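Please keep the structure in view while you read.

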Amino acid sequence: MTEIPATPSPFTFDPATTALVIIDMQRDFLLPGGFGESLGNDVALLRTVIEPLAGVLACARAAGITVIHTREGHLPDLSDCPPSKLRRGNPAQRIGDPGRFGRILIRGEYGHDIIDELAPLAGETVIDKPGKGAFYATELATVLRQHSIATLLVAGVTTEVCVHTTVREANDRGYECLVVADCVGSYFPEFQRVGLSMISAQGAIFGWVADSADVIAALGTTAPVTA
Ligand code: TIU
């Protein structure tokens, strides 16, 4: 077992049954000129996540930990997008509209894919999800079962939306979750702070929170997991 200093208490996990789950680090959310910015958001707040997360990802790969990436998006005919989601808000551009990086949040488009800095390696699972949570209408539960995963190290964007939803879904399915504080990002500084507090409050009601430096230090002591 490996231990990471965390809030509200040290987090112990077995690297052999742990997955790093990276939520929606997609160009549409992170690139200037993309969908996230068209919603009126400052993407610089999300881009702070890239460097620490690249460090955690490199360590997880070196330690042989299962790596899973997710992408939020929809089929080109939008048949998997509820009309309520299409209508919601008043963005300058809507899901499926032509954007600077292709049709917004549509599978196969340049903007829908993961940013170059965190590109999945061959053999890593990429989960395409139509909702905010990574379990809803996806094969994630099956993939985790196939890899005998019990623990999730969670990173990605945004803290209060897709990260929170996924962590809550994971809790209800019996997974232990550690959210890496500087590897999750929000367009709203207040939501970042409160979102992390909500996870670890009440004795880790949804999970634990730790900094990437402590995760990297712990993973550095981890011998590569052999299949
Ligand atoms: N991935 C994710 O969080 N999707 C969003 O739409 N998040 C927002 O904060 N808008």
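The largest pocket has a volume of about 760 Å³. Here a pocket is an open set of points on a 1 Å grid over the protein atoms alone, with protein on both sides within 12 Å along at least five of seven lines. Points are joined across faces, edges and corners, and a volume is the space filled by probe spheres set on them. Please note that this is a predicted model: local features need pLDDT of at least 70 and side-chain atom pairs count only at pLDDT 80 or more, while totals for chains, interfaces and linings use all residues. Residues are numbered from 1 along each chain as its sequence is written, and side-chain values use heavy atoms, with hydrogens and water left out.

**The largest pocket**

- Its lining is made up of 31 residues, and Leu39, Glu72, Lys85, Lys132 and Val161 are the closest to the centre; a lining residue has an atom within 4 Å of a point.
- Helices (H or I, at least four residues) and strands (E, at least two) are DSSP runs, numbered from the N terminus.
- By class, the lining has 16 nonpolar, 7 polar and 8 charged residues. Ala, Val, Leu, Ile, Met, Phe, Trp, Tyr, Cys and Pro count as nonpolar, Asp, Glu, Lys and Arg as charged, and the others, Gly among them, as polar.

**The ligand**

- Where does the ligand sit? The space it takes is the largest pocket, the test being that more than half of its atoms lie within 2 Å of the grid points.
- Around the ligand are Asp24, Phe29, Glu72, Lys132, Val157, Thr158, Val161 and Cys162, each with a heavy atom within 4 Å of it.
- This shell divides into 4 nonpolar, 1 polar and 3 charged residues.
- Polar contacts are pairs of N or O atoms within 3.5 Å. A polar side-chain atom of Asp24 is 2.7 Å from a ligand nitrogen.
- The backbone takes part too: an N or O atom of Val157 lies 3.1 Å from a nitrogen atom of the ligand, and one of Thr158 lies 2.9 Å from a ligand oxygen.
- Taken alone, the ligand exposes 280 Å², and the protein buries 88% of that (Shrake-Rupley method, 1.4 Å probe).

**The second largest pocket**

- This pocket holds about 220 Å³ of space.
- Of its 13 lining residues, Gly64, Ile65, Thr66, Val67 and His147 lie nearest the centre.
- Helix 4 (50-63) and strand 4 (66-72) are the elements that give two or more residues to the lining, and strand 4 gives the most, with 3.
- The lining of the second largest pocket counts 6 nonpolar, 5 polar and 2 charged residues.

**The cavity**

- A search of the whole structure finds 1 cavity of 30 Å³ or more; a cavity is a set of grid points where a 1.4 Å probe fits but cannot get out.
- The largest cavity has a volume of about 30 Å³, and among the residues that line it are Asp28, Phe35, Gln93, Arg100 and Ile104.

**Backbone geometry**

- Most residues other than glycine have a negative phi, and most peptide bonds are trans.
- A cis peptide bond joins Thr7 to Pro8, with omega about 5 degrees; Pro8 is in the loop between strand 1 (2-4) and strand 2 (11-13).
- The bond from Val157 to Thr158 is cis as well, with omega near -10 degrees, and Thr158 is in the loop between strand 8 (151-157) and helix 7.
- Leu105 has a positive phi, near 55 degrees, in the loop between strand 6 (102-103) and strand 7 (125-129).

How values were computed:
Polar contact = N/O pair within 3.5 Å; in protein donor to acceptor, adjacent residues only side chain to side chain.
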